[in-house]
Amino acid sequence: MTERLADIAPHALLGAGDPAPVEVINPDSDLPLVLVCEHAGQAIPARLGDLGLQPGEIDLHIGWDIGAEAVARLLAGHLGAPLVVQRYSRLVIDCNRPPEAADSIPPVSDRVPVPANALLSAADRAARVAEIFAPFHAAVEQVVQAHPRRAAFAIHSFTPAMQGVARPWDIGFLFRNDTATSGRLAAQIARMRPDWVIGMNQPYLVDDLSDFFVPRHGEARGLAHSLIEIRNDHLRDADGQALWAAVLAEAITNVMGEIE
């Protein structure tokens, strides 16, 4: 790309009837930790129609992180922690990818074509960055800076199989430089639920083009952090969501006691 997205005049994207891209739960909390959920929602701006998807495809894991928002909200309630939620589908723009990443606005996701994302103009891409991506991350920064914070945790979910390859982990912790925080969380989960399979940097690895939370909100701010991935077949109903939120609340509470 010869021009930076920040230098391109975007087309208007969100209309009066579209939801705001960000919701902050417990905004006044002074707890020393922040929760984020980048792939919480399935909203699509009215101007983009249905993105050209087939019926039901937006409900698949490609459209959002199934169950992640429910767990994040319950977790915020258990802890009394601030939570920043992103309402738009990851197929509109992935708010856990740098905008310059090739899969920030994917034309194909897990073999499913997304016709509205093909052959986008620079102005179209810039609009999604300016009206969805940028406000979300500005809200995260505002919440982090509102009170002294020591830690940040991102709540995600992942599909049990990707392109025919099974993923055996019940939960994974993603990290790069901060190995200690994820290690402590994993130890807490293993103590509470020894039957669960824990993956370290599974099912993904973190790098500067595949992730935004770890490099930009965790590492750059010097916060203890972990990106938490839960296999989404555990989160298909309210009972599963409640169980995982309760376990994570206990684990995070104990780990926060170990973080200086």
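This report covers the aromatic pairs, nonpolar cores and salt bridges of one predicted model.

Local features need pLDDT of at least 70 and side-chain atom pairs count only at pLDDT 80 or more, while totals for chains, interfaces and linings use all residues. Residues are numbered from 1 along each chain as its sequence is written, and side-chain values use heavy atoms, with hydrogens and water left out.

**Aromatic pairs**

A pair of aromatic rings is described by the distance of the centres and the angle of the planes. Here, rings of Phe, Tyr and Trp (its six-membered ring) pair if their centres lie within 6.5 Å; planes under 30 degrees apart are stacked, over 60 edge-to-face, and the rest tilted. A search of the whole structure finds two such pairs. Helices (H or I, at least four residues) and strands (E, at least two) are DSSP runs, numbered from the N terminus. Both F133 and F212 are buried. Buried means under 20% relative accessible area, exposed over 50%, and partly exposed in between (1.4 Å probe, protein chains only).

The other pair is W196 with W244, stacked at 3.9 Å centre to centre and 10° between the planes. W196 lies in the loop between α3 (179–192) and β10, W244 in helix α5 (residues 238–256), 48 residues apart. W196 and W244 are buried.

**Around H137**

Helix α2 also holds H137. H137 counts as buried because its relative accessibility is 4%. Leaving aside neighbours within four places in sequence, H137 is in contact (heavy atoms within 4.5 Å) with C95, F212 and H217.

**Nonpolar cores**

In soluble globular proteins, nonpolar side chains tend to be buried together. A nonpolar core is a set of buried Ala, Val, Leu, Ile, Met, Phe, Trp, Tyr and Cys residues joined through side-chain atoms within 4.5 Å. The largest has 38 residues; L35, I189, I228 and I252 have the most contacts inside it. Elements that each supply at least two residues include β2 (33–37), β6 (151–158) and β11 (224–231). Helix α5 gives the most to this core, with nine residues. Leaving aside neighbours within four places in sequence, the contacts of I189 include F173, W196, V247 and A251. Another core lies apart from the largest one; its 36 residues include L13, V129, V143 and F212.

**Salt bridges**

A salt bridge is a side-chain nitrogen of Lys or Arg within 4 Å of a carboxyl oxygen of Asp or Glu. A search of the whole structure finds 15. Three of them are listed here.

| Salt bridge | N to O distance |
|---|---|
| E23 and R87 | 3.4 Å |
| E219 and R176 | 2.7 Å |
| E258 and R184 | 3.3 Å |

E258 lies in the segment after α5 and R184 in helix α3, so their bridge ties together parts 74 residues apart in sequence. E258 counts as partly exposed because its relative accessibility is 38%. R184 is partly exposed too, at 31%.

Elsewhere, D65, R90, D94, R97 and D103 are linked in a network of salt bridges.
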